[in-house]
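Please read this briefing alongside the sequence and the coordinates.

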Amino acid sequence: METGKTALYGQHLAAKAKMISFAGWHLPAFYGSVLEEHRAVRERAGIFDVSHMGEIFFSGSPAQEFLQYLTINDVSRLSPGQGHYSALCNQEGGVIDDLILYQLEAERYLMCVNASNISSDYAWIVKQAQRFPGVVVDNASHQWSQLAIQGPTSLSALLSIVPSDRQAPVQDLEYTQIMPLMIKDRLCYLARTGYTGEKGYELYLPHELASWAWEEIVASSPLTGIRPIGLGARDTLRLEAGYLLYGNDLNESTSPLEAGIGWATKLAAGAFIGREALLRQKAEGVERRIFCFRMEEQGIPRHDMEVYRGDEVLGTVTSGSVLPTLGGAGGMALLKAGTIAVGDSIAIKIRHEMKQARLVARPLYMARVKD
Amino acid sequence: MEFPEHYLYSNDHEWLSSVSGEALVGVSHYAIEQLGDVVHIDLPRVGEEFTEGQVFGTIESTKTVSDLYIPASGRVLAVNSAVVAKPESLQEDPYEEGWLIKIAVTERPEKVMNCRDYVSFIQDKL
C-alpha cells in the first residue's frame, strides 16, 4: 500500500519533523523531543495531526438500533451532541476495534475508528448492516482531516479559529460532547474528547481548511504555549492516562472485560454482537486482565516482553515506555488474573535480565479532561 | 549537526577517537538526532572484549531500542557512568562529555571512515 500524505504533510516537513510511516500514513514521530512535547501538553497545549483516524457516518431511521447491536456501549443513552467510548466486538467477544461514537442528530452518528482498522471495520460494519435495511453507512475517512488540540490552554488556542459568534457555545462544550461548527463556510465537527488525559478537543474538518487551521492555532503559541506534537508523545501521554492502543493493548483475542473497559460494556442494555460470550466470561470470571505497572529498577519495558512472578510467567507487556510526567518507566501488561493484585511485585524480562516492577492502580496519571 | 574532524566513524554511526592505543567510543550527532530523546543506555563491564562490529550495548529512545556496534576490536577500559546516569546529556554533547566507553584497541579497524567520508555517507539521508 502506498503511504499517504495528510493535508499537513508540508507543515510537518517545514517544522523539521522526524517522519515515520504509521498505518499507511506519513506522520510525525516528533518535531524535536518527545519528552518536551509530552510536557508541553501536560503544562500548556499541543496540536496533533490525527488525520489518519477513520470517520464512518451512520444515518437512516434504524441507525440507533443498528449501532446498539454493533457496538458494546448503550447507544440509547446518547442524545444529539453527545459521544461515548465504545468498541466493535466479534461473536466471541474479541475486540475488532475501539472507537468513539458521537450522535450528531436524531438519525445521524459519527464513529471515529483507528487508522489501521478502517477498511476491516468498514467491511465488518457493512456486513452486519445487511440485517438493518435503511441504514446508510458512509466511510468518509478520506474526506476529513482531523486535529487534536490538547492541554490546559487548548481552549484559548482553539478559539483562534472559531468565528466570534460561535465562541460562547465552544466555551460551553463539555467533556465527550460534539457540535457542528461552520468555519469559513465549511462544516466542521468539534468534539471535546482526546487521547492525552488533558482537557482537549478533536476537530474534524475538510482538508482545505487543515493548513490554515493548523497555522492559526500554532500562531497562538506566544499566548497559549501550544506546539506541534508527534506520535511519540501521543503514545506516552495516552499510556500515562491509561488509554488503550489497539494492536498493542487489545486485539481480536482480547475481550473488553479483560482490557478493563467493562465500564463501557453495557451487558444489560440488550443484544449486541459478542454479548453472549461476554456474559459467559463475566459469570466465569476473566482469566487475564490488563494491569498497570511501574518499574522499580532501571530499564524500559516494551511491547511483548514477558512478565514474571518468581519462575511463573504471568503474561506480557502490552505497552511500555518512559513515563515523562511520573518519572521512571512503566506501562500496561496483560496478566493472569485471580492471584495477583495491585501492590504486588513483578519482574519484567528486559533483554535477558529480570528487572523489578510493581503493579499499580490504573490509570498511572489521573486525567484532567473535565477541567 | 556537528562531526568532529579528528574522529573516525562507522556506518552504524558510532565514532572512535583513535585507531590504536586507547580510544574513546561514542555515537554520532546524526544517530542522536534520529533517535530523539535518549532515555536509557546499557553498556558493558570493564574488562569485556569485543571484536569490530559486535554489539557492545544498547541505546534507547522513547520509542526504540538500538544496538551499539563497536567500531574497533578492543577491551573495555572504562565506562562513562555519568552518561548512563543521565542519558539525556547525550543530546547536548555526544562527543566530549558523551563518550560511552574507553577501549584498548587490539586490532586496527577495517571499516571506519574519516569525517569527510562519513558526512557524504549520511548526506543523502539529511
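The points below are grouped by topic and describe a predicted model.

**Helix packing within chain A**

- Helix 3 of chain A, spanning residues 63-70, packs against helix 4 of chain A, spanning residues 118-129, with the two axes 11 Å apart and at an angle of about 120°.
- The crossing of helix 3 of chain A and helix 4 of chain A is right-handed.
- On the side of helix 3 of chain A, the contact is formed by A:Phe66, A:Tyr69 and A:Leu70, while helix 4 of chain A contributes A:Trp124, A:Ile125, A:Gln128 and A:Ala129.
- Sorted by class, the residues in this contact between helix 3 of chain A and helix 4 of chain A comprise six nonpolar and one polar, with no charged residues.

**Interface between chain A and chain B**

- Contacts between the two chains involve 15 residues of chain B and 14 residues of chain A.
- Between them, chain B and chain A bury about 1,200 Å², of which 48% is on carbon and sulfur atoms.
- Of the area that chain B buries against chain A, 40% is supplied by B:Asp37, B:Thr62 and B:Lys63, which is more than any other three residues supply.

**Salt bridges across the interface**

- Three salt bridges are counted between chain B and chain A.
- A:Arg351 forms a salt bridge with B:Glu60, in which the closest N and O atoms are 3.0 Å apart.

Conventions
Residues are numbered from 1 along each chain as its sequence is written. Chains are lettered from A and ligands numbered from 1 in the order in which they are written. This is a predicted model: local features need pLDDT of at least 70, side-chain atom pairs count only at pLDDT 80 or more; totals for chains, interfaces and linings use all residues. Side-chain values use heavy atoms; hydrogens and water are left out. Axes are lines fitted to C-alpha atoms, for helices over the stretch in contact, and angles run from 0 to 180 degrees between N-to-C directions. Helices (H or I, at least four residues) and strands (E, at least two) are DSSP runs, numbered from the N terminus. A crossing is left-handed if the near helix is turned anticlockwise from the far one by less than a right angle, and right-handed if clockwise. Contact means heavy atoms within 4.5 Å. Ala, Val, Leu, Ile, Met, Phe, Trp, Tyr, Cys and Pro count as nonpolar, Asp, Glu, Lys and Arg as charged, and the others, Gly among them, as polar. Buried area is the accessible area (1.4 Å probe) that two parts lose on being put together, summed over both. A salt bridge is a side-chain nitrogen of Lys or Arg within 4 Å of a carboxyl oxygen of Asp or Glu.
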